[in-house]
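Please find below a colleague's note, written for a reader who is new to protein structures.

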Amino acid sequence: MPIRRKHIQFLAEQLLRRHRIRSAPVPIEDLAGALGVSVVKEPTDDELSGFLYRDRVQKSAIIGVNANHHPNRQNFTIAHELGHFLLHEGDEVHVDRGFQIKLRTEFSSKGVDIEERESNLFAAEILMPASFLKSDLKKVHALRLDVDDAVEELARNYSVSTQAMLFRLANLGYVKL
Amino acid sequence: MGDREEFYAEVGRRVKKARKLRMLTQESLASLVSLTRTSITNIEKGRQKILLHTLDDLAKALRVDYASLLPANPVGSSDTDLQDALKGRPLPEQKFIKSAVQSVRGGG
């Protein structure tokens with residue numbers, strides 16, 4: 001089953017527009033808060049990235065993030081869990097362990113759980129919107145993207161890991177991996 | 001009443017979860033309890049308010065205790081719900097989730 005690519009892109013764009021977020025870095029924690037989802041950071045085992053808890057009695061949701069992880073990774077985790085919250089009905093508690101951002105080709109061959117792929121796409125779309133990258137990349141000479149420094153700097157500006165940025169740029173066709 | 005809708009929605013979710021654990025299709029569950037597939041769909045979506053004997057039939061077909069298909073007692077039950085959801089998970093996960101949830105609720 002294919003993932004709902006268009007739907008997810010549209011959803012992310014709409015959220016950014018509605019909350020008047022026009023440039024990187026996207027304040028993902030505030031965005032979660034604006035959607036009624038509390039974000040909590042707690043240190044835990046390294047293999048745990050985060051969780052989404054839906055309290056059906058109090059009709060609220062909580063995203064937990066591993067406070068021991070790098071802030072960039074925490075951002076991705078928050079965005080990923082927010083993706084589950086918006087896209088999937090799911091169980092009361094959903095825990096994510098060390099998910100990785102992978103290339104589309106790897107996804108399709110490995111048959112990774114569809115909901116995880118959708119949440120990863122949502123995270124990429126909300127943290128690294130194509131339109132933001134397009135305008136930021138105008139300032140960067142295309143050739144320079146092959147230089148790690150340029151990707152690193154871009155990643156820093158978006159508060160994501162270099163790896164996440166590299167995959168995003170590859171998926172958008174800016175670089176080849 | 002809104003809460004009732006949520007009650008039946010929760011029963012539906014529990015039925016669906018139990019059915020998936022048993023790896024039954026809606027079709028096959030339907031035939032086990034002599035209902036139509038549409039009824040099972042409606043029950044799982046919380047649109048059909050099921051009869052007590054249907055609950056019993058479903059529990060038997062799914063080989064679960066019928067109480068497990070009912071939501072935890074909704075009176076101040078957030079905690080019981082969370083306990084339920086955490087059951088059987090590895091300890092570090094339980095600790096992580098509990099302390100995060102408690103810090104949001106402002107409880108100790």
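1. The model is predicted, and local features need pLDDT of at least 70, while side-chain atom pairs count only at pLDDT 80 or more; totals for chains, interfaces and linings use all residues. Residues are numbered from 1 along each chain as its sequence is written, chains are lettered from A and ligands numbered from 1 in the order in which they are written, and side-chain values use heavy atoms, without hydrogens and water.

2. Over all chains, the search finds two aromatic pairs (rings of Phe, Tyr and Trp, the latter by its six-membered ring, with centres within 6.5 Å; planes under 30 degrees apart are stacked, over 60 edge-to-face, the rest tilted). Phe51(A) and Phe96(B) have ring centres 5.2 Å apart and planes at 90°, so this pair is edge-to-face. The pair joins two chains, because Phe51(A) lies in strand β2 (residues 48-55) of chain A and Phe96(B) in helix α6 (residues 91-105) of chain B. Helices (H or I, at least four residues) and strands (E, at least two) are DSSP runs, numbered from the N terminus.

3. Phe51(A) and Phe96(B) are both buried (under 20% relative accessible area; exposed is over 50%, partly exposed in between, with a 1.4 Å probe and protein chains only). Phe7(B) and Tyr8(B) also form an edge-to-face pair, since their ring centres are 5.4 Å apart and their planes at 85°. Phe7(B) counts as partly exposed because its relative accessibility is 33%.

4. In helix α4 (residues 52-62) of chain B, the buried residues are Thr54(B), Leu55(B), Leu58(B), Ala59(B), Ala61(B) and Leu62(B). They cover an arc of only 165° around the axis, so they are on the same side of α4(B); the arc is that of the directions from the helix axis to the C-beta atoms. Leu52(B), His53(B) and Lys60(B), on the other side of α4(B), are exposed.
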